[in-house]
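Please read it alongside the sequence and the coordinates.

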Amino acid sequence: FPFPYAPYRIQEQFMEALYGALEAGRVGIFESPTGTGKSLSLICGALTWLRDWEEKRRQEEARLLELGAGGQHGPSPQQARPGSAAGEPDWVTAFVQKKEERDMVERLKEEQIRRKKREDHLEKIRHNVQLKYAAKRKRCEEDEAKRLLRLSKEALSQGAGEAVLDELDHNEEELIPAEYESDDEKKVVPGLEEDDDDLEEEHVTKIYYCSRTHSQLSQFVREVQKSPFGRDTRLVSLGSRQSLCVNEEVRGLGALQLINDRCMEMQKNKHEKRSAEESEGKKRRASRTVCPFYSYEQMQFLRDEVLVEVKDIEQLVSLGRETRACPYYGSRFAIPAAQLVVLPYQMLLHEPTRNAAGIKLKDQVVIIDEAHNLIDTITCIHSAEVSGSQLCCAHSQLLQYLERYRKRLKAKNLMYIKQILYLLEQFVAVLGGNVNQNPGCQAVSQAGTVLKSINDFLFQSQIDNINLFKVMQVLSVRTQVLVTCWGMIWGVCESWKQSPRAHGRICFLAVCRQSCPGRAGDAEIPPVEAEHDHLRAASPLMQIEGFLSALTNANQDGRVIINRQGTVGQSSLKFLLLNPAVHFAKVVEECRAVIIAGGTMQPVADFREQLLGCAGVDPARVVEFSCGHVIPPENILPIILCSGPSNQQLEFTYQTRDLPQMMDETGRILCNLCNVVPGGVVCFFPSYEYEKQVYGHWEHTGLLSRLAAKKKIFQEPKKASQVEQVLVEYAKCIKRCSQPGGQMTGALLLSVVGGKMSEGINFSDELGRCVIMVGMPYPNIKSPELQEKMTWLDKTMPRAAGLAPSRVLIENLCMKAVNQSIGRAIRHQKDFASILLLDHRYARPAIFNKLPQWIRDRTQVKPAFGSAFAELRKVRTCILTCC
C-alpha cells in the first residue's frame with residue numbers, strides 16, 4: 001500500500017501487529033508517531049483484514065449451503081448434542097439436528113439474497129446517472145406543485161373571499177406534500193422498484209474508526225479517498241446536528257443544545273400531524289412547523305449516495321442541501337450496510353448516544369485514534385454539573401407548567417412532576433438556598449467545597465427514598481414537552497404561536513419569563529452570571545437530567561462535589577466519575593477487537609491498569625505495539641538542560657518558578673536560542689497565568705525587547721476563535737523573515753501546555769525548528785477532584801515499583817502533557833527540529849523513562865548551558881551548509 005511517510009520495515013511491523021490483533025480478537029495499544037502515516041496505516045490494515053474476513057465467511061457459507069443441498073450432515077447426533085438428555089430417543093435428536101440445519105441453510109440463503117439485492121442496487125446507482133438524480137427531479141416537481149398551490153390560495157383569498165379560502169384550507173391542505181409525510185410509508189421512484197425492506201439487513205461486520213474532532217475525521221476521510229480502498233469501501237461519516245444540520249433556521253440557533261431541542265420539536269410536530277390526519281372525524285389541527293429536510297424518501301436516496309461513494313462531512317452536508325435530505329439522519333440509515341463508520345469517539349463512548357445513533361458493537365472492530373486522553377474523555381463524558389441558577393430556573397419553569405396544566409395531567413404524571421420539583425428543592429437547599437428566591441441575590445453562608453459519596457449525598461438531600469431510575473425513565477419520555485415550554489419562554493420555538501390560542505399562550509410564556517428567578521430584569525443578574533448568560537439559553541432540564549443520570553452510578557465509582565461560592569446562583573453540584581472503566585467495559589466486552597492508538601501513548605500503564613484492568617480485560621488479551629519514528633537520528637536534537645547561562649539550576653517548582661532569577665534565566669536562554677535557531681520557536685509554559693507573569697516580568701526588565709529584536713513574539717489566545725488568526729500571522733511572519741537581508745530570524749510563539757496549540761497543531765518545517773518546555777506541568781494537586789481521584793487510586797490500585805498509585809498518576813498526567821506538546825515539531829520524514837526540556841528533574845530515571853522511546857533514545861542530558869548551546873550551533877551550521 002502507498003505509505004509515503006514510512007519505510008517498508010515499519011510498514012511491515014505495523015501491519016503484522018495490527019492484523020494479528022484483529023485476527024485474534026485482542027485489545028491493542030498501538031503507539032506510532034505521526035510520521036509513519038498512523039491513521040492511514042490503521043485503516044488500510046483493518047480494511048485488508050475485513051476483506052479477508054468477509055471472504056472467509058462467504059466461503060464458509062458456500063460450504064454449508066453445499067452440504068445442505070447435498071443432504072450431507074455434520075457430526076452424529078450424539079456428538080452434535082452432547083448435552084441432550086440420556087433418555088432422549090435418537091430419532092428425536094436427529095430430527096432436531098436436521099431442523100436446525102435446515103433453518104441455518106434457509107437463513108444463509110435469505111442473507112445471500114439480501115446481500116445480492118443490496119449490491120445490485122448500489123451498483124445500479126453508481127453507474128446509472130439518470131437514476132442517480134431521480135430524487136432530485138421528483139423534488140423539483142414537488143416544489144413546483146407547492147408553488148402553484150400557494151399562488152392559487154393567494155388568488156382565492158383576494159378574489160373569492162375568506163370563506164372560500166377557509167374551505168380550500170380544510171379540503172385541499174393535504175395536497176401540499178410538505179403537509180403529509182410518513183416515516184413508515186415507502187415511496188417508489190420510477191427505476192427503483194426494489195422493496196426497501198429487502199435492502200435492510202443486520203449489521204454487517206464493520207470497523208468503527210473514532211478520533212477526537214470533526215476536522216481530524218474529515219482529514220482522515222480525504223486520505224481514505226486517495227487510498228486504494230477509496231473506491232470500493234462503503235464509508236459513513238457520523239457527526240452532531242451542529243455539524244450536519246442543513247436547515248438554516250435551526251443552524252442559526254448556534255448552540256448545540258438549542259439545535260437539538262428545535263430538531264426534536266420539529267419531529268414531534270410532524271408525528272402529531274400524521275396522527276391527527278389519520279384520526280377521522282376530528283377537527284383539523286393548526287399547521288405547525290416541520291423540517292422540510294426530514295423526508296424518508298429523500299433520506300433513503302442520500303443513504304444510497306453515501307454508500308456508493310466515500311464522502312467526508314463537508315461533502316455530506318453539500319449533498320444534503322442538494323437533495324433536500326437531512327444528513328444527520330440519512331447517514332444513520334447507512335450504518336447497517338457500511339463497512340467503515342467514521343465518528344467522534346465521544347459518540348461511541350457514551351452509551352445513550354451510541355444507542356440513539358443505531359451503533360451496534362457486537363462482534364465489530366473499534367479503532368480509537370488520538371487516544372492519549374481517552375481516560376480523561378470518558379471521565380468528562382460521564383460527569384455532570386448543574387448550577388444553582390439552573391436548578392432554580394428549572395423549578396420555576398416546571399412549577400408554572402404544573403399550575404397551568406394541573407387539571408389536564410394524569411395522576412401518575414402529576415406525581416412524577418411533583419417528585420422532580422421536590423428533587424430540585426432539595427438540591428437548592430443543599431447549596432444553602434431557597435427555590436422561591438432569586439439565586440443571584442442569595443448569599444451563601446458557608447463558602448467552600450465539600451465532597452460526598454453518592455449515598456451520603458442522597459441521604460443529606462433527603463431523596464434516598466426516591467427511585468431515580470424511575471424518575472430518569474419518566475424524564476427521558478417527557479422532557480421534550482418541558483423543553484418545548486422552556487424554548488417558548490426564551491423565544492426559541494415558534495410552533496405554539498401559530499395556533500388559534502396563541503394569545504393566551506404568549507401571555508402565559510411572558511409571565512414565565514418575568515417570574516423565572518434571576519431573569520426578571522438585567523439589573524438582577526450579577527455581573528459574573530451575565531458573562532455566562534448565553535450558556536443558560538438552553539433548557540436547564542437537560543443538564544439536570546444528566547446530573548440525575550450520573551447519580552445512578554454505583555456508590556464507589558463516583559463522588560458528588562458540592563461547591564458553594566458567593567451566591568446560590570454561582571454555586572454548583574458536580575458529579576465526578578472516578579472509575580471510567582465501568583463505562584468502557586461494555587465496549588471491550590461486545591467488540592471483537594479494540595485498537596487504542598496514538599502518536600504518543602506513553603506512559604501506557606494508565607491504559608493497562610485504570611482502563612483495561614478495571615474493566616475486567618484478561619491481561620493475555622492485551623497486546624502492545626510501539627514503533628520508532630521514520631526520521632533519521634540526526635534530524636532531532638532533544639536536550640535536557642539542567643542549568644542556564646548564569647549557572648542557575650533550572651527547577652520550576654511551585655515554590656521557585658516565581659522567583660525573579662528563574663524568570664530572568666528563562667529569558668536569557670530564549671535570547672541565546674533565538675540568535676542561532678532559524679524559523680519558528682515554540683515555547684510551552686505550564687499555565688496561562690505563569691506565561692502572563694513571565695511575559696510581564698520580561699517586559700519590565702527589558703528582556704522582551706531583546707527577544708523582539710530577533711523574533712516577532714506571538715502569544716497563544718485563550719479564545720478558540722482567535723487561534724487560527726494567530727497561527728496565520730505566525731506563519732506569515734516566518735515566511736517574510738526567511739527572505740535574505742532581514743535582521744529578524746523568525747518568530748517566537750509563547751504557548752501553554754494543555755492549551756489550544758498543544759494538540760492537533762502541526763508546527764512542521766520552519767514553523768517549529770525548536771520546541772522549548774519550561775518546567776514540568778504538574779497538575780494542581782490541591783484540586784478537590786484530583787485529590788479524590790488520588791485517594792480512590794490508592795485504595796483500589798496496587799503499588800507500582802514502590803510508588804503509590806496517586807504519585808504515579810501525577811507523573812503520568814504531567815508527562816502525557818509534555819509528550820503531546822513536544823511532539824508538535826516533527827511531522828514528516830524529512831522534518832528536523834531541536835527539543836529543549838528546561839528542568840533538571842527530567843533527567844531522573846522515573847521521569848526520563850516516560851518520554852517517547854524515539855525521543856528518549858536520542859536525548860542528551862546537559863548539566864551546563866554552554867555544551868547545549870554548542871550542540872545547537874552545530875545544528876545551525878549543518879542547516880546553513882545544506883541550504
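The expected span of a helix is taken here as 1.5 Å times one less than its number of residues. The model is a predicted one, and the values below are computed from it.

Helix 29 covers residues 688–701, and its 14 residues should span 20 Å at 1.5 Å a residue; because the C-alpha atoms at its ends are 20 Å apart, the expectation and the model agree. The residues of this helix that are buried are Tyr688, Tyr690, Glu691, Val694, His697 and Trp698. They are covered by elements including helix 28 (660–676), strand 13 (679–685), helix 30 (703–710), strand 14 (711–715), strand 15 (746–752) and strand 16 (770–774). Just after helix 29 comes glycine 702, which has a positive phi of about 95°.

In soluble globular proteins, nonpolar side chains tend to be buried together. In this model the largest nonpolar core has 63 residues, and the members that touch the most others are Leu374 and Phe584. The element that gives the most to this core is helix 26 (residues 581–590), with 5 residues. When neighbours within four places in sequence are left aside, leucine 374 is in contact with Leu349, Ile368, Phe584, Ile596, Phe607 and Leu611. Another core, of 48 residues, lies apart from the largest one, and its members include Ile561, Leu727, Ile822 and Ala825.

**Aromatic pairs**

The structure holds 17 aromatic pairs. One of them, between tyrosine 296 and phenylalanine 333, is tilted, with 6.2 Å from centre to centre and 55° between the planes. Tyrosine 296 lies in helix 13 (residues 296–308) and phenylalanine 333 in helix 15 (residues 327–333), so the pair ties together parts of the chain that are 37 residues apart in sequence. Tyrosine 296 counts as buried because its relative accessible area is 15%, and phenylalanine 333 counts as partly exposed because its relative accessible area is 29%.

Phenylalanine 865 and phenylalanine 869 form a stacked pair, with 5.6 Å between the centres and 25° between the planes. These two residues lie in helix 36 (residues 865–882), 4 residues apart, or about one turn of the helix, and both are buried. Elsewhere, ring pairs link Phe14, Phe30 and Phe625 into a cluster.

**Charged side chains**

| Glutamate 249 | Arginine 262 | 2.7 Å |

The salt bridge between glutamate 249 and arginine 262 links distant parts of the chain, with glutamate 249 in helix 11 (residues 248–251) and arginine 262 in helix 12 (residues 256–278), 13 residues apart. Glutamate 249 is partly exposed because its relative accessibility is 41%, whereas arginine 262, at 2%, counts as buried.

A network of salt bridges links Arg807, Glu811 and Lys850.

**Backbone details**

Glutamine 602 and proline 603 are joined by a cis peptide bond with omega of about -5°, and proline 603 is in the loop between strand 10 (593–598) and helix 27 (605–613).

Aspartate 363, which is not a glycine, has a positive phi near 60°; its place is in the loop between helix 17 (351–356) and strand 5 (365–368), and at 46% relative accessibility aspartate 363 counts as partly exposed. Glutamine 462 likewise has a positive phi, of about 60°, although it is not a glycine. Glutamine 462 is found in the loop between helix 21 (454–461) and helix 22 (468–489), and its relative accessible area of 49% makes it partly exposed.

Definitions and conventions:
Residues numbered from 1 in each chain as written. Predicted model: local features only at pLDDT ≥ 70, side-chain atom pairs only at ≥ 80, totals over all residues. Heavy atoms only, no water. Salt bridge = Lys/Arg side-chain N within 4 Å of Asp/Glu carboxyl O. Buried < 20%, exposed > 50% of the residue type's maximum accessible area, 1.4 Å probe, protein only. Contact = heavy atoms within 4.5 Å. Core = buried A, V, L, I, M, F, W, Y, C linked by side-chain atoms within 4.5 Å. Phe/Tyr/Trp six-rings, centres within 6.5 Å; stacked < 30°, edge-to-face > 60°.
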